[in-house]
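Take a walk through this fold, from its overall build to the packing inside. Keep the chain in view as you read.

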Amino acid sequence: MPAAGLKTIIALSFVLAIGFLLVILSCALYKVYYPLLVVATYVLAPVPNWVASRCANPDDFVESSGNGILDLGRFCTGFMVVMGIALPAVLAHSALIGIPAMVMCIIGGLLIYGTIISFGMFFQEEQEF
């Protein structure tokens, strides 16, 4: 895995800012602020993984116990990510927002989720055995 330098941090921060800009513009340009509900999923999506990793068995010698809670955390996180992408489509289908606002919100959400995943890849600590 390549080392994360200053250029990586700047590039990922720029992409994250573009994603949030698209979500905010999808609300402000069309004067309908329902797509801001998607921002709640960006904030709440990592919480199940965080809680599950804290509740898992910290014993490194027993691998089999504690995997159920980790799987539940990953499932809930996956649900939140899918909800963050599908919620603009549901809002557009019910005619609460327009199709261009939906497209901007989904693209912004994909940029934000991609940035979060990239931060995780570049800044994860190496595990020693």
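Predicted model: local features only at pLDDT ≥ 70, side-chain atom pairs only at ≥ 80, totals over all residues.

The protein chain has 5 helices and 0 strands. From the N terminus, the order is α-α-α-α-α. Of its 129 residues, 24% count as buried. The chain exposes about 8700 Å². Carbon and sulfur atoms supply 73% of that area. Among contacts with a separation of 6 or more, 71% join residues 24 or more positions apart.

Now look at the helix pair α4 and α5. Helix α4 covers residues 67-93, and helix α5 covers residues 99-122. Their axes lie 8 Å apart, at an angle of about 170°. An angle over 145 degrees counts as roughly antiparallel, so α4 is roughly antiparallel to α5. On the α4 side, the contact uses M80, V81, G84, I85, P88, A89 and A92. On the α5 side, I99, M102, C105, I106, L110 and Y113 take part. The residues of this contact divide into 12 nonpolar, 1 polar and no charged.

Helix α5 also matters for the next topic, the cores. The largest nonpolar core has 6 residues: V23, V38, Y42, C105, I112 and Y113. Two elements, α2 (37-44) and α5, each give two or more residues to this core. The largest share, 3 residues, comes from α5.

Note on methods: Residues numbered from 1 in each chain as written. Heavy atoms only, no water. Helix = DSSP H or I, 4+ residues; strand = E, 2+ residues; numbered from the N terminus. Buried < 20%, exposed > 50% of the residue type's maximum accessible area, 1.4 Å probe, protein only. Contact = heavy atoms within 4.5 Å. Areas by Shrake-Rupley, 256 points an atom, 1.4 Å probe, with all protein chains shown as cover. Axes fitted to C-alpha atoms, helices over the stretch in contact; angles between N-to-C directions. Parallel < 35°, antiparallel > 145°, perpendicular 65-115°, else oblique. Nonpolar A, V, L, I, M, F, W, Y, C, P; charged D, E, K, R; others polar. Core = buried A, V, L, I, M, F, W, Y, C linked by side-chain atoms within 4.5 Å.
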